[in-house]
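Please keep the display at hand while reading.

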Amino acid sequence: MSLDKESVKKVASLARIRMSDEELERMMPQLSKIIGFVEQLAEVNTDNVEPLANVVDITPELRKDVVNDGDCADKVLKNAPEEIQGYFVVPKVVE
Amino acid sequence: MSKLTDLTIASALTGLENKDFTAVELAQAHIDAMAEQSNLNAFITETPDIALKQAEASDKRRASGDAGALDGIPLAIKDLFCTNGVQTTAGSHILEGFIPQYESTVTQKLFDDGAVMLGKTNLDEFAMGSSNTTSYYGNVINPWKRDGDDTDLTPGGSSGGSAAAVAAKICMGATGTDTGGSIRQPASFCGITGIKPTYGRCSRWGTVAFASSLDQAGTFARTVEDNALLLRSMSGHDPKDSTSANKDVPDFLAALTGDIKGKVIGIPKEYRVDGMPEEISALWQRGIKWLESAGATTIEVSLPHTHYALATYYVIAPAEASSNLARYDGVRFGHRAKEDDLTDMYEITRAEGFGDEVKRRIMIGTYALSSGYYDAYYIKAQKVRRLISQDFLSAFEKCDALLTPTAPSAAFAIGENEDDPIKMYLNDVFTVPASLAGLPGISIPAGVDSQGLPLGLQVIGRPWDEETVLKVAGVVENLAQFTYVPQTVKKAAA
């Protein structure tokens with residue numbers, strides 16, 4: 001299956017990556033080729049096969065529902081592109 | 001006495017214990033090597049000051065009888081492991097200047113055992129690549145050259161900087177991560193040994209995530225024994241990673257007995273792919289003979305779904321990546337585009353911050369997970385993944401380990417295979433299946449091709465059986481007698 005420019009544009013928007021027309025044109029055949037390549041999976045008979053999400057035989061443990069971290073706002077904010085008085089700053093969202 | 005940078009980790013530990021040299025001298029010798037070979041671009045961030053400080057502390061510990069299992073050993077750390085107070089970039093512009101305020105579990109464990117950090121090594125951006133050419137911080141140059149040819153070759157990827165640094169004798173060992181072959185393929189390209197343990201053996205906490213169901217930390221060193229030493233320190237349960245296994249860590253070193261009498265080694269027939277270079281088939285055949293001469297039996301086994309492994313991987317890994325990389329939104333850390341509108345800020349931050357290969361994979365993943373395609377791509381790939389995993393488990397009913405080539409070629413020139421993403425993906429054809437099945441795998445340098453470039457053999461084992469993998473690898477190492485040295489190291493010695 002080949003992707004048209006509109007589909008690539010939609011995927012870029014879902015992925016929140018801005019792309020120029022020129023980039024969309026360049027990306028289109030590359031993505032189509034990869035999608036075409038992975039479509040060979042359709043040949044495999046997977047009737048009655050359960051999807052595999054957890055590859056090894058370990059059952060993830062639940063931890064106790066208690067606070068085990070915190071009181072380190074300065075560390076959390078250390079790499080913030082912009083912060084004011086202990087808060088992350090973002091562009092205005094609600095007018 | 002030979003140069004300190006020529007030593008293995010095991011012999012350096014003996015030398016330190018015998019007071020032949022100090023940890024500071026050992027660190028300084030490697031810091032000098034790092035400066036001399038800076039043209040390889042193996043490091044994104046060099047940390048000589050930290051190394052010397054850690055080495056001084058190590059000498060004190062040893063003097064008071066408190067030395068740890070790796071005390072004073074200079075290592076390089078792939079720049080995918082968060083290091084407290086030291087920039088961690090994942091090879092991406094979007095994380096340029098990111099200074100973690102915490103230490104990854106793997107590096108913490110190495111430091112707890114006394115290891116010394118020389119710096120953070122270069123890698124493909126977010127570990128996505130097989131040539132180390134997608135790094136925002138430039139290509140890494142393989143210390144090996146073709147005979148009589150000065151063309152710069154890739155070290156493989158994604159852990160290209162780590163592999164190059166170990167091969168060039170800048171460090172004694174290094175950490176790597178392996179999602180589809182990112183330790184084993186560069187180890188093969190750089191003529192060194194690298195192991196990816198079973199998924200869940202090492203904690204992923206504090207490692208920048210690419211594809212969470214596949215990512216696993218591992219090691220590089222110049223001998224199997226050194227890999228066993230490093231892996232022993234890095235492994236173990238971590239309450240901070242619910243996918244890390246609550247299992248005892250075996251004494252990997254004790255597994256290196258050299259005795260494989262009675263072991264059955266499977267040779268997967270589907271790995272005899274069309275167009276495999278004759279030299280690689282011949283090397284594989286030699287490897288089979290070596291194991292037989294050491295008392296093992298070899299049998300042909302079948303892994304019928306091998307052909308579908310790459311396609312499976314190129315749905316699952318991008319899907320998980322698109323989800324994991326959603327966190328790079330310019331709000332809490334990393335690069336932010338200066339825009340007044342929130343959506344513009346997100347989209348332009350990510351457009352500026354990510355390179356082409358990362359964008360491609362995020363988009364493939366987003367597409368595969370999007371409404372209407374989820375079942376056809378993602379669920380389908382997860383089902384085929386189960387079949388691939390079952391292939392291995394059936395094979396392991398008949399054999400104890402598998403022997404295969406590590407990669408379908410020797411190191412290629414920088415810029416080759418760039419025209420077509422699929423061509424680049426084919427590099428991982430022999431490493432991806434074991435990754436999908438979560439199995440331990442090691443690459444050992446076993447010979448050189450007609451142009452003098454190293455070629456590796458891969459040993460794959462049962463889940464949690466790194467011991468057999470290391471044991472068989474030790475026998476291959478012993479019989480291969482790989483003593484070739486990269487040209488840059490020869491030049492430095494001259």
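Helices here are DSSP runs of H or I with at least four residues, numbered from the N terminus. In this predicted model, helix α5 of chain B covers residues 160–167, and the residue K169(B), which comes after α5(B), has a positive phi, near 60°. The helix is mostly covered, with eight of its eight residues buried. These are G160(B), G161(B), S162(B), A163(B), A164(B), A165(B), V166(B) and A167(B).

What does α5(B) lie across? The helix lies across β1, β2 (74–78), β3 (116–121), β4 (173–178), β5 (193–196) and β6 (216–221) of chain B, and it runs at about 155° to β4(B).

These strands belong to an open sheet of eleven strands in chain B, ordered β1-β3-β2-β4-β6-β5-β10-β11-β9-β7-β8, with mixed pairing. At the edges stand β1 (43–46) and β8 (297–301) of chain B; each has a single partner strand, so one side of each has no neighbour in the sheet. From one strand to the next, the twist averages 30°. Strands of a sheet pair through backbone hydrogen bonds, in either a parallel or an antiparallel sense.

β4(B) pairs with β2(B) in the parallel sense over two bridges, and A174(B) in β4(B) stands opposite A76(B). With β6(B), β4(B) runs antiparallel, and six bridges join the two strands. T175(B) has T219(B) of β6(B) as its bridge partner.

Further along the strand order comes β5(B). Both faces of β5(B) are covered: T193(B) and I195(B) lie on one side, G194(B) and K196(B) on the other, and all are buried. β5(B) pairs with β6(B) in the antiparallel sense over three bridges, with T193(B) opposite A221(B) of β6(B). The pairing of β5(B) with strand β10 (residues 441–448) of chain B is antiparallel and also has three bridges. There, I195(B) has I442(B) of β10(B) as its bridge partner.

At the β8(B) end of the order, β7(B) (residues 264–268) and β8(B) run parallel and are joined by five bridges. I265(B) has T298(B) in β8(B) as its bridge partner.

Next, the nonpolar core. The largest one has 160 residues, and L75(B), V315(B) and V472(B) are those with the most contacts inside it. The helix α9(B) gives the most to this core, with ten residues. Leaving out residues up to four places away in sequence, L75(B) touches L110(B), A115(B), V116(B), M117(B), L118(B), C171(B), M172(B), G173(B) and A174(B).

The remaining topic is the contact between the chains. How many residues does each chain give to the contact? Chain A gives 40 residues and chain B gives 58. On the side of chain A that touches chain B, the elements that give two or more residues are α1 (5–14) and α2 (21–38) of chain A. α2(A) provides the largest share of that side, eight residues. By class, the side of chain A has 28 nonpolar, four polar and eight charged residues.

Two packed helices are described by the angle between their axes and the distance between the axes. The axes of α2(A) and α9(B) come within 8 Å and cross at roughly 125°, and the two helices are therefore oblique to each other. I34(A), F37(A) and V38(A) of α2(A) make the contact with A311(B), Y314(B) and V315(B) of α9(B). By class, the residues of this contact are six nonpolar, no polar and no charged. V315(B) was also named above for its contacts inside the largest nonpolar core.

Is R332(B) buried or partly exposed? R332(B) counts as partly exposed because it has 16 C-beta neighbours inside 10 Å, whereas a buried residue needs 20 or more.

Note on methods:
Residues are numbered from 1 along each chain as its sequence is written. Chains are lettered from A and ligands numbered from 1 in the order in which they are written. This is a predicted model: local features need pLDDT of at least 70, side-chain atom pairs count only at pLDDT 80 or more; totals for chains, interfaces and linings use all residues. A residue is buried if 20 or more other C-beta atoms lie within 10 Å of its own, exposed if 12 or fewer, and partly exposed in between; C-beta atoms are placed from the backbone. Two residues are in contact if their C-beta atoms, placed from the backbone, lie within 7 Å. Ala, Val, Leu, Ile, Met, Phe, Trp, Tyr, Cys and Pro count as nonpolar, Asp, Glu, Lys and Arg as charged, and the others, Gly among them, as polar. A nonpolar core is a set of buried Ala, Val, Leu, Ile, Met, Phe, Trp, Tyr and Cys residues joined through C-beta atoms within 7 Å. Axes are lines fitted to C-alpha atoms, for helices over the stretch in contact, and angles run from 0 to 180 degrees between N-to-C directions. Angles under 35 degrees count as roughly parallel, over 145 as roughly antiparallel, 65 to 115 as roughly perpendicular and the rest as oblique. Two strands pair if DSSP finds at least two bridges between them.
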